[in-house]
Structure formats: structure tokens, C-alpha cells
Amino acid sequence: MTEPTRSEPTVAAAAAEILRSEGVTHLPAYPLNPLIEAAAGLGIRPVIVRQERVGVHMADAISRLGDTVGVTCMQSGPGVENAFGAVAQAYAEGVPLVVIPGGAPRAETWVPPAFNAALNFRHVTKATEQVTTGAGLVPALRRAFAQARNGRPGPVLVEIPADVWDEAAPGLETYTPSRRARSAPDTGSVEAAARALVDADRPLLYAGQGVHRATAWRQLRELAELLEAPVTTSIEGKSAFPETHPLALGSGGVAMPRAVFEHVRDADVVFGVGASFSATPFGIRFRTAGTSFIHNTADPGDLDKNIPAEHALLGDTALALDLLLEAVADRLGRPRGRAEEVAARIRAQNGPWLEKWRPLLTSTATPLSPYRVIWDLLHTVDVERTTITHDAGSPRDELTPFWRSVAPHSYLGWGKSTQLGYGLGLAMGAKLAQPERLCINVWGDAAIGMTGMDLETCARAGIPVLSILFNNSAMAMEDRIMATSRERFASTDITGEYAEMARAFGLHAERVATPAEIVPAIRKAVAATEDGTPALLEFVTTREKTYSTFDYVTYQG
């Protein structure tokens with residue numbers, strides 16, 4: 001082992017210095033990992049979670065909401081094993097992360113039952129690497145941050161064996177913080193795509209997470225207004241386009257507004273802007289027969305993966321839209337006067353749809369309709385200053401059609417994998433990244449069973465998020481599918497008094513059972529978060545489930 005010299009820090013110290021140079025200010029973590037102490041010594045705040053997956057989720061949100069790559073660390077063996085699902089979720093969603101677990105000593109790396117993270121995480125990361133000497137640390141982290149940021153973003157894992165942390169790590173003085181290298185599509189493809197959009201009778205813009213990654217919100221809006229084309233988003237892309245805009249259809253997933261379904265069905269040209277077009281049960285399934293597709297993505301692996309595209313705009317979404325705006329403007333000069341006709345069609349579809357749902361959105365029944373809670377929440381908080389996320393299952397499908405996002409990054413949507421309990425860590429990370437905003441997660445009683453202990457982390461670490469919990473004492477989405485086991489063994493029943501649990505952890509908490517209590521409870525909870533106290537509102541909701549879904553028989557994806 002090479003002893004560190006005065007000019008050569010240890011691996012732990014060098015890793016912490018690299019994190020600081022990369023702009024890392026918070027390190028969600030679970031002991032023991034030498035990076036925690038080294039980072040704390042440099043002023044990087046460790047946030048010790050109750051389980052490793054929540055630490056990954058927090059780093060995930062930090063990455064989503066800025067230009068800093070989120071970092072998390074944990075111990076070898078069971079620590080990194082417990083993080084696997086969260087890393088897989090970030091991989092599915094295309095979120096840049098650097099995960100730095102400890103590892104078994106080098107002599108035991110390949111000896112069972114030692115867990116080799118660099119080997120076992122290969123299928124849920126962009127890259128994995130094990131640092132086997134101190135000299136390898138700086139180059140390994142340089143590669144990790146660069147790979148996490150570039151192309152299709154994603155998690156990268158750098159495993160550091162137990163007997164490497166104290167070795168000398170040369171090369172720190174030459175380390176340069178990572179940057180995102182951007183490329184633009186070729187001119188011929190841009191011209192062809194512009195021609196197709198201008199010539200389309202019923203163009204549709206479909207915005208994905210790439211709009212957020214490229215901060216291309218302005219360009220997306222300008223293109224929509226120039227083409228006078230309607231805009232929908234994936235769940236991941238939700239809030240990339242203001243949903244109060246006359247050309248906004250809303251977002252599409254399992255559930256969606258009526259106008260999304262109608263426009264997806266009728267479009268002759270669909271432009272996927274910063275979208276992967278990945279086939280997923282939790283996204284829009286596009287009709288490929290009779291529809292022409294234009295596809296902008298930073299990942300060549302997305303092209304023709306599930307949707308064959310006539311025109312491919314491979315590259316950064318902001319650069320692609322800048323070029324496309326110029327090419328479309330050259331052809332059009334100015335808008336053709338179609339905007340009101342398009343907006344009127346959207347109103348004619350979404351207006352009656354919303355009226356059909358209004359009885360649930362304003363329901364006075366008990367147990368409560370979750371839609372009444374969502375509606376009251378939407379009309380009580382300052383939506384523009386709120387960042388909200390959902391959890392898997394019913395909270396996702398109930399929230400996404402009706403929550404109208406108005407500002408970029410104000411909705412953290414996800415759904416290519418569906419780890420129950422993901423939403424709490426996202427809200428916690430969002431609050432660290434955006435302390436001035438109200439950060440909300442909406443979850444159910446199944447999700448709180450997965451990560452609810454980290455409500456204690458919110459109180460202990462001073463992370464004042466607002467948790468909106470729908471408690472119907474059931475895994476109600478499964479009632480029909482598991483009818484026999486439910487009837488014979490109550491297999492979909494779950495129980496809990498979660499407000500009591502949250503109060504025991506130090507949160508402001510309230511159990512709400514009647515419609516008249518909803519708004520006052522929300523106001524008190526928001527006030528608590530503004531005073532620095534995390535809050536949980538437990539709403540006693542109905543077991544009956546209904547979603548804003550439509551017939552997909554003619555769809556394929």
C-alpha cells in the first residue's frame with residue numbers, strides 16, 4: 001500500500017475534494033463509508049437516512065433540479081445491496097448520479113459471499129468501476145461524472161474496496177470539474193423535420209424529460225406558438241410546458257385528460273422533443289399506423305427502439321430546437337392564425353372531461369375521494385412556488401391528469417420503473433436543492449410502508465417537506481386482480497395510523513376524515529413547513545378506484 005505524502009491526500013480525502021469541486025453540497029448517505037467523514041470535513045453536509053435507497057432517491061432529485069450531479073454513498077455488502085432498486089429506478093428514468101459504495105478488501109473481492117458491486121450493478125448503471133489502487137481514484141471519478149452527465153444521463157457506480165481508502169491518491173491537482181458536452185443534429189435532418197411539421201395538418205408536440213435536462217423550456221414554447229401546435233408531455237416531461245397555456249393538452253400516462261387521448265389518436269405528425277419513446281405500461285402508447293414521427297433524443301439507442309421515426313434529430317434538445325425554430329420560421333415567417341382553432345378544440349375536449357370528473361373533484365362523500373384532496377390542494381397552495389411528485393400506483397394516476405403545472409421543474413414525474421416509496425426521497429432531495437419552495441410528495445399507504453421511516457430523517461435533518469398520504473387501508477389497485485386471495489385471506493388489506501407515527505417522529509401531522517377539514521389542514525401543514533417543520537397529512541380515502549383512462553385497443557408501442 002502506498003502511504004500518502006503531504007502533497008498526496010488519501011483516497012477518502014481526494015474523493016471529498018472532487019465532490020466539492022463538482023459543486024456537491026449535500027451527501028445523502030448511510031454509514032459506514034469513509035467518504036462521509038472526509039466530506040463533512042470539507043463542509044459537505046452528510047444527510048444520514050434510515051435506509052440506503054432513500055439516500056439514492058434524494059441524490060436523484062438533486063440531479064434533476066440543477067446542474068450538479070447528485071452523489072450518494074453507503075457501506076459495502078448489505079448497504080449497497082439495499083440500494084439496488086433505487087439505482088435501477090434512476091437508470092430507468094435517465095437521471096445522472098454517482099454512487100460510491102465501499103467494497104470488500106481487494107483480496108476478498110471475488111471470494112463468496114463478498115458482494116462485488118461493480119460487477120452486480122452493471123445492468124442498472126451506465127458504467128461501473130472498482131478502484132483497485134489509490135492512483136486510480138481521480139481518473140475513476142473523472143470518468144464517472146463525465147459519463148453520468150453526457151449522452152443519455154444515468155447513474156455510474158465507483159466501488160472503493162476497504163483497503164484502498166487510506167492509500168495515496170495522486171493527481172488531484174489536475175482534476176477539472178465535469179461538464180456536459182452538447183451536440184446538435186445535422187442541418188439536413190433539421191430541414192426535413194421543419195418541412196414535415198409545417199406541412200402537417202395535425203401536428204403534435206410530445207415533450208419528454210430531455211426538455212428539462214437541456215433547460216429548453218423557452219424554445220419548446222416558442223416552437224409550439226410558431227406552429228400553433230398542441231403540446232402534451234410524458235409524465236417525466238410534465239412541467240416542461242405550462243399546462244395553463246391555451247395549447248397545452250396535459251400530460252399522458254396510464255391516466256390522462258381527454259384532449260391528450262384525442263390528439264394522440266388523430267395526429268398525423270408527432271414530434272418527440274427530448275423524449276425516448278420507450279415502451280412502458282405507464283406512458284402514452286402511440287398509434288404508429290398512419291402517423292409520422294420526428295424524434296429528438298440525446299441517446300442514439302432510443303432511435304427506432306420502439307417507435308420508427310421518419311426524421312431523427314439526434315442531439316441536445318435546446319440546440320435541436322434552436323435550429324428547428326430557425327428552419328420553421330424561414331418557411332412560415334409568422335404564425336398562420338390557427339391558434340384559436342386549436343385552443344378551441346382543446347377546450348371542447350377537456351372542458352366536458354373536467355365536468356365529468358367534477359363530482360369526484362368536489363365530492364362531499366366520506367371516506368374521502370382522493371380527487372377531492374388533489375383538487376383542494378391544487379387550489380390552496382401556490383402552485384408556481386411548489387415542487388410536487390407522486391408515488392407509484394394510484395397516487396400517480398390520480399394526480400397527473402389533474403395537477404396543472406405552470407413552472408419548469410415544478411413536477412418531478414416518473415414511471416419507467418415504479419419503486420414504491422420513491423416519492424418521499426425525491427421530495428426530500430428537492431427541498432435540499434430548492435429550500436425556498438414548498439416540496440410535496442403524494443403517496444399511498446402501501447408506499448409509506450416502504451420508506452416511511454425516513455419521515456424521521458425529515459424531522460432530524462430539518463427537511464420540511466409536506467407529505468400527502470392517501471390511506472384507504474388497502475392495496476386497492478390489486479383488489480380486482482387478487483379477488484380470491486382478498487376474499488379468502490384479506491391479502492390486499494393493510495392498516496396503520498400514520499399521523500400518529502409521524503407525530504412520534506417530530507412532524508406536524510393530522511388525520512383528516514371529512515371534506516370540511518381538507519383545506520384548513522393543508523394551510524396548517526404548509527405553515528408548519530414554512531416554520532421549518534416537516535408535515536404529514538393522512539387523508540382517509542375510499543377504497544373504490546377509478547382513473548381517467550381511455551380505450552387503447554388501436555394503440556401499439
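**Before you start**

The model is predicted, so local features need pLDDT of at least 70 and side-chain atom pairs count only at pLDDT 80 or more, while totals for chains, interfaces and linings use all residues. Residues are numbered from 1 along each chain as its sequence is written, and side-chain values use heavy atoms, with hydrogens and water left out.

Helices (H or I, at least four residues) and strands (E, at least two) are DSSP runs, numbered from the N terminus.

**Stop 1: a six-stranded sheet**

Select β9, β8, β7, β10, β11 and β12. They form an open sheet in that order, with parallel pairing. Two strands pair if DSSP finds at least two bridges between them. Strands of a sheet pair through backbone hydrogen bonds, either parallel or antiparallel.

Go to the edges. These are β9 (248-252) and β12 (311-314), and each pairs on one side only. Neighbouring strands here are turned by 15° against each other on average, direction ignored. Axes are lines fitted to C-alpha atoms, for helices over the stretch in contact, and angles run from 0 to 180 degrees between N-to-C directions.

Now pick out β7 (residues 203-207). Three bridges join β7 to β8 (residues 231-234). Five bridges join β7 to β10. Both pairs run parallel.

**Stop 2: strand β10**

Select β10 (269-273). How many of its residues are buried? Five of the five are, so β10 is largely enclosed by the rest of the structure. Buried means under 20% relative accessible area, exposed over 50%, partly exposed in between (1.4 Å probe, protein chains only).

Look at both faces. V269, F271 and V273 are on one side, and V270 and G272 are on the other. In a regular strand the side chains alternate between the two faces of the sheet. The bridge partner of G272 in β11 is H295.

**Stop 3: L205 and the cores**

Select L205. In β8, its bridge partner is V231. In β10, L205 stands opposite F271. Contact means heavy atoms within 4.5 Å.

Now widen the view. The largest nonpolar core has 88 residues, and L205, F271, L324, I468 and F539 touch the most other members. A nonpolar core is a set of buried Ala, Val, Leu, Ile, Met, Phe, Trp, Tyr and Cys residues joined through side-chain atoms within 4.5 Å. Helix α12 (residues 317-332) gives the most to this core, with seven residues. A second, separate core of 36 residues includes V11, L35, I36 and A127.

**Stop 4: the other sheet**

Select β14, β13, β15, β16, β18 and β17. They form an open sheet in that order, with parallel pairing. β14 (411-412) and β17 (508-512) stand at the edges with a single partner strand each, so one side of each is left without a neighbour in the sheet.

Stay at β17. Five bridges join β17 to β18 (residues 535-540), and the two run parallel. E510 stands opposite L537 in β18.

α21 (residues 515-530) touches β15 (438-444), β16, β17 and β18.

**Stop 5: a helix pair**

Select α11 (residues 258-266) and α13 (residues 339-361). Their axes come within 8 Å and cross at roughly 135°. The two are therefore oblique to each other. Angles under 35 degrees count as roughly parallel, over 145 as roughly antiparallel, 65 to 115 as roughly perpendicular and the rest as oblique. On α11, show R258, A259, E262, H263 and D266; on α13, show R345, I346, Q349, N350 and W353.

**Stop 6: two single residues**

Pick Q89 in helix α5 (residues 84-93). Is Q89 buried or exposed? Q89 is buried, with a relative accessible area of 0%. Beyond four places in sequence, its contacts are W414, S417, T418, Q419 and Y422.

Finish at F282, in the loop between β10 and β11. F282 counts as partly exposed, at 23% relative accessibility. Not counting residues up to four places away, F282 touches I235, G253, V254, R396, G415 and T418.
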